[in-house]
Amino acid sequence: RCKNLSVSFWNSYWMLPSDVCGMNCFWEAAFRYDYMKTHPSEKMHLAVVACGERLEETVTMLRSAIIFSIRPLHFHIFAEDQLHESFKGILDEFPYEGKVNYTLYPITFPTESAAEWKKLFKPCASQRLFLPLILKNVDSLLYVDTDILFLRPVDDIWSFLGEFNSTQIAAMAPEHEEPRIGWYNRFARHPYYGVTGINSGVMLMNMTRIRRKYFKNDMTPVRLQWGEILMPLLKKYKLNITWGDQDLLNIMFFHNPESLYVFPCQWNYRPDHCIYGSNCKAAEEEGIFILHGNRGVYHDDKQPTFRAVYEAIKNYSFGDDLVHSLLQPLELELQKTMHTYCGRVYKVFIKQLTKSIRDLYARRSKGR
């Protein structure tokens with residue numbers, strides 16, 4: 001793999017010198033491009049749930065998915081009715097080049113318990129639990145929170161579906177790498193997966209398997225299917241859960257650990273991975289692949305490193321040179337954040353982004 005790629009590569013951008021990853025990066029990018037051309041695949045499906053003031057954040061996430069992805073994308077956007085026209089107006093102006101489609105859906109919950117599900121944790125957040133039941137014709141799906149930013153092609157996390165063994169139905173990252181600062185292992189009043197629990201902000205699902213599976217549980221000796229288990233879980237644990245639907249997923253995979261594929265922390269990199277000191281070793285080595293700005297860090301001054309990445313992608317205009325319009329000004333902004341713990345490791349925020357830009361231009365050059 002191409003590591004230690006200098007973020008100052010634009011100084012000799014087209015030269016591809018050996019000390020800036022050299023021909024290895026070029027051939028890796030070219031190989032991936034050729035592979036995608038000779039191994040056509042169905043489009044990738046990405047779902048997001050947007051309520052309240054999440055329009056801009058969601059659009060920025062979608063922009064980040066479009067920039068680098070190789071295969072066609074279909075966005076499934078679940079949003080409050082008053083947001084639909086705004087989404088449509090913005091998305092219809094995106095230069096998709098025929099590679100991106102989208103469908104807008106209303107927020108819907110089971111009729112008999114809609115009010116209870118809607119108020120669980122944050123408004124509409126628990127909608128994700130019902131995606132396998134709503135999107136009945138979608139075989140596999142990547143769900144992400146609105147505060148996600150893709151720093152490499154969606155294709156690369158989508159490829160984990162091919163690594164699932166016969167029992168695995170979904171993939172998520174651990175909630176924490178360091179148990180000493182973990183929330184679940186210190187405070188949870190309910191079962192949770194593994195040592196530190198899992199975070200559901202990035203959730204890859206084989207929905208066909210989810211719909212077919214019968215889940216072990218602690219409510220009945222009888223195994224229950226996805227649509228049967230959700231409400232009983234909520235009734236049993238609603239007084240003991242803090243993070244809503246994520247807690248319910250933790251409970252479910254605690255009882256069915258063989259069903260979960262766990263991917264490394266750089267696929268769901270959050271403030272907890274750096275605000276107390278760097279504790280995502282995979283990101284230190286290869287960079288951040290997916291940035292998760294939970295706790296509202298894109299919109300306040302508490303974690304300026306995260307906000308800088310968000311602002312850079314939000315303000316980038318499709319078609320502009322990614323080096324001079326996104327990467328170079330972003331590095332300058334990140335250097336201003338070195339007074340924070342996350343800022344001290346700011347290079348992990350652009351290491352993979354730099355490589356993704358290099359790969360993108362290599363693909364374009366190859367396709368000429």
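Which residues of helix α3 (residues 84–91) are buried? They are His84, Phe87 and Leu91, where buried means under 20% relative accessible area with a 1.4 Å probe and protein chains only. Because these residues cover an arc of only 65° around the axis, they lie on the same side of α3, the arc being that of the directions from the helix axis to the C-beta atoms.

This is a predicted model, in which local features need pLDDT of at least 70 and side-chain atom pairs count only at pLDDT 80 or more, while totals for chains, interfaces and linings use all residues. Residues are numbered from 1 along each chain as its sequence is written, and side-chain values use heavy atoms, with hydrogens and water left out.

The buried residues of α3 pack against the elements tabulated here, helices (H or I, at least four residues) and strands (E, at least two) being DSSP runs numbered from the N terminus.

| Element | Residues |
|---|---|
| β1 | 44–50 |
| α2 | 55–68 |
| β2 | 73–79 |
| β3 | 100–105 |

Arg295, found in the loop between β9 (290–292) and α12 (304–315), has a phi near 65°, a positive value in a residue other than glycine.

Key:
Buried means under 20% relative accessible area, exposed over 50%, partly exposed in between (1.4 Å probe, protein chains only). Contact means heavy atoms within 4.5 Å.
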